Amino acid sequence: MTGQYSRSAQMRASDFNQSKDFEQQVAAGLGEFLVDYSSSTDKIDFWVPGFYLDVKEKRQKLTDRWHLLPGVPEEHLVVLDELGTRKLMQHYPYGYFLIRDVPGGNRLFLASATELCSVERARVNRWTSADKAKGKLVFDLRNFRPLNDIVDVYKIVMKDLLDMPWKQSPCVGEIEPGRV
């Protein structure tokens, strides 16, 4: 990918305020026993006894330059920061992303660290106007578990903690991989 990417101060402020609103909705949905680190720049947003949860949003449709997974329509693509994913992996297998797809009708998806390191993805550097690279990962949202409500996060994670899919042999992710 070539070219540079920049956002105005107004765009960044709007994104920040909207993300804070969603983080507060998530905090309310997780209950009273969480620790909220969502104001930190170097920690995962929430710790709930037993797991860590980072909140991410797809706020706009992706341009053609992000269509890096062959055959995957735009409405199923999401771009995550590689740095944020590496931070989450520090808490493997107890780390999760809650992803809200705003242009897709506020769809919710839960992605475990196990799924993030296992499912198909595309990896690229996005260059900023300051000529700095930011690693990005492009995923197919259909690999992750859809949720009806934020409150579903807790029961799904608790089921994972009991089932321990990271210790099982079959491929993880919602999309069934090919057979050989």
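This is a predicted model: local features need pLDDT of at least 70, side-chain atom pairs count only at pLDDT 80 or more; totals for chains, interfaces and linings use all residues.

Biologist: Sheet to begin with. Which order do the strands take?

Modeller: The order is β2-β3-β4-β6-β7-β10. That is an open sheet of 6 strands, with mixed pairing.

Biologist: And which strands stand at the edges?

Modeller: β2 (35-36) and β10. Each has a single partner strand, so one side of each is left without a neighbour in the sheet.

Biologist: What joins β2 to β3?

Modeller: 2 bridges, with the strands antiparallel. β3 covers residues 46-48. Phenylalanine 46 in β3 stands opposite aspartate 36.

Biologist: Other end now. How many bridges join β7 to β10?

Modeller: 3, and those strands also run antiparallel. Leucine 110 has arginine 145 in β10 as its bridge partner.

Biologist: Is β7 itself enclosed or open?

Modeller: Largely enclosed by the rest of the structure, because 5 of its 6 residues are buried. The strand spans residues 107-112.

Biologist: How does β7 pair with β6?

Modeller: In the antiparallel sense, over 6 bridges. Tyrosine 96 stands opposite serine 112 in β7. The two strands form a hairpin with 5 residues between them.

Biologist: Which residues in that turn have a positive phi?

Modeller: Glycine 105 is one, with phi near 90°. Asparagine 106, in the loop between β6 and β7, has phi near 65°. Most residues other than glycine have a negative phi. Asparagine 106 is partly exposed, at 41% relative accessibility.

Biologist: Where else does a residue other than glycine have a positive phi?

Modeller: Methionine 164, with phi near 50°. This methionine 164 lies in the segment after α4. Its relative accessible area is 31%, so methionine 164 counts as partly exposed.

Biologist: Switching to peptide bonds. Which one is cis?

Modeller: The bond from tyrosine 92 to proline 93, with omega near 0°. Proline 93 is in the loop between α2 and β6. Most peptide bonds are trans.

Biologist: And α2, which strands does it lie across?

Modeller: β4 and β6. The helix α2 runs at about 145° to β6.

Biologist: Now the rings. How many aromatic pairs are there?

Modeller: The count is 4. One of them is phenylalanine 51 with tyrosine 154, a tilted pair. Their centres are 6.3 Å apart, with 50° between the planes.

Biologist: What does that pair tie together?

Modeller: Phenylalanine 51 is in strand β4 (residues 51-58) and tyrosine 154 is in helix α4 (residues 152-163), so the pair ties together parts 103 residues apart in sequence.

Biologist: Are those two residues buried or exposed?

Modeller: Phenylalanine 51 is buried, at 0% relative accessibility. Tyrosine 154 is partly exposed, at 40%.

Biologist: Give me another pair.

Modeller: Tyrosine 94 and tryptophan 166. Their ring centres are 5.7 Å apart and the planes meet at 75°, so this pair is edge-to-face. Tyrosine 94 is in the loop between α2 (82-89) and β6 (95-101), and tryptophan 166 is in the segment after α4, so the pair ties together parts 72 residues apart in sequence.

Biologist: Which residues make up the aromatic cluster?

Modeller: Phe51, Tyr96 and Tyr154.

Biologist: Last one. What sits over the ring of phenylalanine 22?

Modeller: The charged end of arginine 100, 4.0 Å from the ring centre.

Conventions
Residues are numbered from 1 along each chain as its sequence is written. Side-chain values use heavy atoms; hydrogens and water are left out. Rings of Phe, Tyr and Trp (its six-membered ring) pair if their centres lie within 6.5 Å; planes under 30 degrees apart count as stacked, over 60 as edge-to-face and the rest as tilted. Helices (H or I, at least four residues) and strands (E, at least two) are DSSP runs, numbered from the N terminus. Buried means under 20% relative accessible area, exposed over 50%, partly exposed in between (1.4 Å probe, protein chains only). A charge sits over a ring if NZ of Lys or CZ of Arg is within 6 Å of the ring centre and within 35 degrees of the ring normal. Two strands pair if DSSP finds at least two bridges between them. Contact means heavy atoms within 4.5 Å. Axes are lines fitted to C-alpha atoms, for helices over the stretch in contact, and angles run from 0 to 180 degrees between N-to-C directions.
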